[in-house]
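Here is a short briefing for a first look. Keep the sequence and the model in view while reading.

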Amino acid sequence: MYMKWYRTALVVLISGSLVGCNEQMMSEIDRVKDSQQEIITQHNENEEKKQEMMESYKKMEKSPEEVVANMDKESLHVLNKMDTPILLENTTDETEFARSIAAAMFNFFTFKWSPEEYYSFLNVHGSRYYRNDVLAKEEEAILLFKNVQGLLRERTEHIPAEYEITEVILNKGKSSGYFYRKDTTRNGAEAYYIISIKKEDGFWKLEGDRPSPPYEKVEDKIEVDNDEDLGEDSNARNDE
């Protein structure tokens, strides 16, 4: 009788343990499935972002007319050309920041900088949005930059020979702004980009860069010295 009761109790105990293990196993399987689905979803989102970035850079192959059809031109002053030191630290001066960002981009598009160097620069001077969106995964971002340079190596006619940038236009609160960059190739082809910047923690950061409509260059007026005019008029009267 005792042995019969013992065997019965043992069977019940083992069965209960198996049920518990089975439930735990099913729960673990569900957790792994959810995790796999989350990874797949994240991968698909990253692929979409990479595709969008590649499409944006491929627009360099199109003429400004194709990219900016039916868009109005903005009239802006162009900054004087000058050798621009690349910023290593943050800055509160929007013009200095614009010059540095444009110079860094030119270095990248002309292969003076490697994809790794370009990534490091953007990781310091990119906004939180830019770092979390474009630079979220270092390996993928660097691969994207390598693809961009690879595209330019195949189509060397699109490599810029020089560039210019416009004045920075700020919003009313002076917390964000934008400026234009014009790249000119050796054969004279032009491509326009608008670069968005944003102030974070008191310093300017890169928010985005995309193809844009051409802008109209505003010529600075040459002021005439009134004293010289009066002097010339006086001399003229004396001659009379």
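A residue counts as buried under 20% relative accessible area, as exposed over 50%, and as partly exposed in between. Asp-201 has a relative accessible area of 67%, so it is exposed. The model is predicted. Its protein chain has 240 residues, and buried residues make up 32% of them.

**Overall layout**

- The protein chain contains 7 helices and 7 strands.
- Along the sequence, their order is α-α-β-α-α-α-α-β-β-β-β-β-β-α.
- Among contacts in the protein chain with a separation of 6 or more, 59% join residues 24 or more positions apart.

**Nonpolar cores**

- In soluble globular proteins, nonpolar side chains tend to be buried together.
- The largest nonpolar core here has 30 residues.
- Within this core, Ile-101, Leu-122, Leu-135, Phe-179 and Leu-206 touch the most other members.
- At least two residues of this core come from each of α3 (94-109), α4 (115-125), α6 (138-154), β5 (190-200) and β6 (203-211).
- The top contributor is α3, which gives 8 residues.

**Helix pair α3 and α4**

- The axes of α3 and α4 come within 10 Å and cross at roughly 160°.
- Angles over 145 degrees count as roughly antiparallel, and α3 and α4 are therefore roughly antiparallel to each other.
- The crossing of α3 past α4 is left-handed.
- On the α3 side, the meeting residues are Phe-97, Ser-100, Ile-101, Ala-104, Met-105 and Phe-108. On the α4 side, they are Pro-115, Tyr-118, Phe-121 and His-125.

**Helix pair α4 and α6**

- The axes of α4 and α6 come within 9 Å, crossing at roughly 125°.
- α4 and α6 are therefore oblique to each other.
- The crossing of α4 past α6 is right-handed.
- From α4, the contact uses Pro-115, Glu-116, Tyr-118, Tyr-119 and Leu-122. From α6, it uses Glu-138, Ala-141, Ile-142, Phe-145, Lys-146 and Gln-149.

**Thr-166, a loop residue**

- Thr-166 sits in the loop between β2 (160-165) and β3 (169-170).
- Is Thr-166 buried or exposed? Its relative accessible area is 0%, so Thr-166 is buried.
- A polar atom of the Thr-166 side chain lies 3.0 Å from the backbone nitrogen of Tyr-180.
- Not counting residues up to four places away in sequence, Thr-166 touches Leu-76, His-77, Val-78, Leu-79, Phe-179, Tyr-180 and Tyr-215.

- Phe-111 is not a glycine, yet its phi is positive, at about 70°.
- Phe-111 lies in the loop between α3 and α4. With a relative accessible area of 25%, Phe-111 is partly exposed.
- Asp-201 is not a glycine either, and it has a positive phi of about 55°.
- Where does Asp-201 lie? Asp-201 is in the loop between β5 and β6.

Definitions and conventions: Residues are numbered from 1 along each chain as its sequence is written. This is a predicted model: local features need pLDDT of at least 70, side-chain atom pairs count only at pLDDT 80 or more; totals for chains, interfaces and linings use all residues. Side-chain values use heavy atoms; hydrogens and water are left out. A nonpolar core is a set of buried Ala, Val, Leu, Ile, Met, Phe, Trp, Tyr and Cys residues joined through side-chain atoms within 4.5 Å. Buried means under 20% relative accessible area, exposed over 50%, partly exposed in between (1.4 Å probe, protein chains only). Helices (H or I, at least four residues) and strands (E, at least two) are DSSP runs, numbered from the N terminus. A polar contact is a pair of N or O atoms within 3.5 Å; within protein, one must be able to donate a hydrogen and the other to accept it, and residues adjacent in sequence count only if both atoms are side-chain atoms. Contact means heavy atoms within 4.5 Å. Axes are lines fitted to C-alpha atoms, for helices over the stretch in contact, and angles run from 0 to 180 degrees between N-to-C directions. Angles under 35 degrees count as roughly parallel, over 145 as roughly antiparallel, 65 to 115 as roughly perpendicular and the rest as oblique. A crossing is left-handed if the near helix is turned anticlockwise from the far one by less than a right angle, and right-handed if clockwise.
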